[in-house]
Amino acid sequence: MLTGENARMCHQCQRNDKKKVVWCKSCNNKRYCGKCIKRWYPNLTEDELAAKCPYCRKNCNCKACLRMIGVEE
């Protein structure tokens, strides 16, 4: 199992078998695979996502984040 900088689990699909993931430089925690970026966030480029991921933008639509809506507020 890969951990730390080598971890490849996508925050959106929760899969770790993707060859390429984009790390968020803002939180330095969340990663998104290319397939999820294209499917769920077509308005964001990989560079924009790397600068600030959908989670940091408070616009993440993964199952876990959608369940958390209202908890932080």
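This note goes through the predicted model point by point, from its basis to its local details.

1. Basis of the model. The coordinates are predicted, so local features are reported only where pLDDT is at least 70 and side-chain atom pairs only at pLDDT 80 or more, whereas totals for chains, interfaces and linings use all residues. Residues are numbered from 1 along each chain as its sequence is written, and side-chain values rest on heavy atoms, with hydrogens and water left out.

2. Confidence. The pLDDT, which is the predictor's confidence in each residue on a scale from 0 to 100, averages 84 over the protein, and 84% of the residues score at least 70. Helix H3 (residues 63–68) has the lowest confidence, with a mean of 84, while H2 has the highest, at 94. Where pLDDT is low, the predicted coordinates should not be read in detail.

3. Secondary structure. There are three helices and two strands, taken as DSSP runs numbered from the N terminus, with helices (H or I) of at least four residues and strands (E) of at least two. Read from the N terminus, the order of the elements is β-β-α-α-α.

4. Burial and surface. Of the 73 residues, 33% count as buried, where buried means under 20% relative accessible area, exposed means over 50%, and partly exposed lies in between (1.4 Å probe, protein chains only). The protein exposes about 5500 Å², of which carbon and sulfur atoms supply 48%; the areas come from the Shrake-Rupley method with a 1.4 Å probe, and for residues only the protein chains shown count as cover. With a contact defined as heavy atoms within 4.5 Å, residues 24 or more positions apart account for 34% of the contacts with a separation of 6 or more.

5. Nonpolar core. The largest nonpolar core has 13 residues, and those touching the most other members are Val22, Tyr32, Ile37, Tyr41, Leu49, Cys53 and Cys60. Such a core is a set of buried Ala, Val, Leu, Ile, Met, Phe, Trp, Tyr and Cys residues joined through side-chain atoms within 4.5 Å. Leaving aside residues up to four places away in sequence, Cys60 touches His11, Gln12, Tyr32, Tyr41, Pro54, Tyr55, Cys65 and Leu66. In soluble globular proteins, nonpolar side chains tend to be buried together.

6. Two lysines. Lys30 lies in the loop between strand S1 (21–23) and strand S2 (31–33), and its relative accessibility of 14% places it among the buried residues. Beyond residues up to four places away in sequence, Lys30 touches His11, Val22, Trp23, Cys24, Cys53 and Tyr55. Lys35, by contrast, belongs to helix H1 (residues 34–40) and is exposed, with a relative accessible area of 61%.

7. Salt bridges. Two salt bridges are present, the criterion being a side-chain nitrogen of Lys or Arg within 4 Å of a carboxyl oxygen of Asp or Glu. In one, Asp17 pairs with Arg15, with the closest N and O atoms 2.4 Å apart; Asp17 is partly exposed at 44% relative accessible area, and Arg15 is partly exposed at 42%. In the other, the side chains of Lys20 and Glu46 meet at 2.8 Å, N to O. Because Lys20 lies in the segment before S1 and Glu46 in helix H2 (residues 46–51), this pair ties together parts that are 26 residues apart in sequence.

8. Cysteines. A search of the whole structure finds zero disulfides, a disulfide being a pair of cysteine sulfur atoms within 2.5 Å. The sulfur of Cys56 has its closest cysteine sulfur in Cys53, at 3.6 Å, which is too far for a bond; likewise, the sulfur of Cys62 is 3.5 Å from that of Cys65, its closest cysteine sulfur, again too far for a bond. Cys56 is buried at 19% relative accessible area, and Cys62 is buried at 3%. Cys56 sits in the loop between H2 and H3 and touches Cys24, Ser26 and Cys27, not counting residues up to four places away in sequence.

9. Backbone. Most residues other than glycine have a negative phi, and most peptide bonds are trans. Gln14, in the segment before S1, has a positive phi near 60 degrees and is partly exposed at 45% relative accessibility. Asn28, in the loop between S1 and S2, also has a positive phi, about 55 degrees, and is exposed at 56% relative accessible area.
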